[in-house]
Amino acid sequence: MTSAFEEQLRAVSLRVTRPRLAVLAALRDHPHVDTDTVIDLVRTDHPTVSHQAVYDVLRALTDTGLVRRIQPAGATARYEMRVRDNHHHVVCRWCGAIADVDCAAGHAPCLTASDDHGFVIDEAEVVYWGACPDCLPRSEGTR
Ligand SMILES: [Zn+2]
Ligand SMILES: [Zn+2]
């Protein structure tokens, strides 16, 4: 069951440990969760894993590219396992709900900069802000 995760860890030269496997499983089942939620999810099944261990695992997984860290302005950092496909996110201003949005147009970087200033651009990160279906009624009362 965990063999895919073990292969992913070995592919980036990380030792296979129980906390690492637990964090990967949590992120597979719950994309776009913040650190506190990851800790809760991991400790539900593995009560002996410390907060610090989860922090360390998230950093190692992010550094090696197995996990993507996203941080919409004003929100806490979230983590997900969907990496390297240059997908974007739609974020609810009201409740912070996040959903994946595929590349706006074709392949990465998918958006052409109106002026690239001579840079070679390989990624465009777009955050679409708005109100999710649950929050739409609330948001309309205040516009
Ligand atoms: Zn919402
Ligand atoms: Zn995502």
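**Briefing: a two-domain chain and the setting of helix 3**

The buried residues of helix 3 are covered by, among other parts, helix 2 (18-29), strand 1 (33-34), helix 4 (51-63) and strand 3 (78-80). This is a predicted model, and its protein chain is divided into domain 1, which spans 3-70, and domain 2, which spans 85-143. The points below begin with the chain as a whole, then return to helix 3 and end with a sheet.

**The chain as a whole**

- The protein chain holds five helices and six strands, and read from the N terminus these elements follow one another as α-α-β-α-α-β-β-β-β-β-α.
- Taken over C-alpha atoms, the centres of domain 1 and domain 2 are separated by 25 Å.
- Along the principal axes, the C-alpha atoms of the protein chain fill a box of roughly 45 × 45 × 25 Å.
- The protein chain has 143 residues, of which 15% count as buried.
- When contacts between residues at least 6 apart in sequence are considered, 44% of them join residues that are at least 24 apart.

**Helix 3 and its two faces**

- Helix 3 covers residues 35-45, and within this helix Val38, Ile39 and Val42 are buried.
- Because the buried residues of helix 3 fall within an arc of 100° when seen down the helix axis, they line one face of the helix.
- On the face of helix 3 that is turned away from this buried side lie Asp36 and Thr44, both of which are exposed.
- The cover over the buried residues of helix 3 includes both helices and strands, with helix 2 and helix 4 among the former and strand 1 and strand 3 among the latter.

- Three strands form an open sheet in the order 5-4-6, and their pairing is mixed.
- The edges of this sheet are strand 5 (98-101) and strand 6 (127-130), each of which pairs on one side only.
- Neighbouring strands of the sheet are turned against each other by 25° on average, with direction ignored.
- Strands of a sheet pair through backbone hydrogen bonds, and they may do so either parallel or antiparallel.
- Strand 4, made up of residues 88-92, runs parallel to strand 6 and is joined to it by four bridges.

Definitions and conventions:
Residues numbered from 1 in each chain as written. Chains lettered and ligands numbered in written order. Predicted model: local features only at pLDDT ≥ 70, side-chain atom pairs only at ≥ 80, totals over all residues. Domains from an automatic or database assignment. Buried ≥ 20, exposed ≤ 12 C-beta atoms within 10 Å, placed from the backbone. Arc of directions from axis to C-beta. Contact = placed C-beta atoms within 7 Å. Pairing = 2+ DSSP bridges. Axes fitted to C-alpha atoms, helices over the stretch in contact; angles between N-to-C directions.
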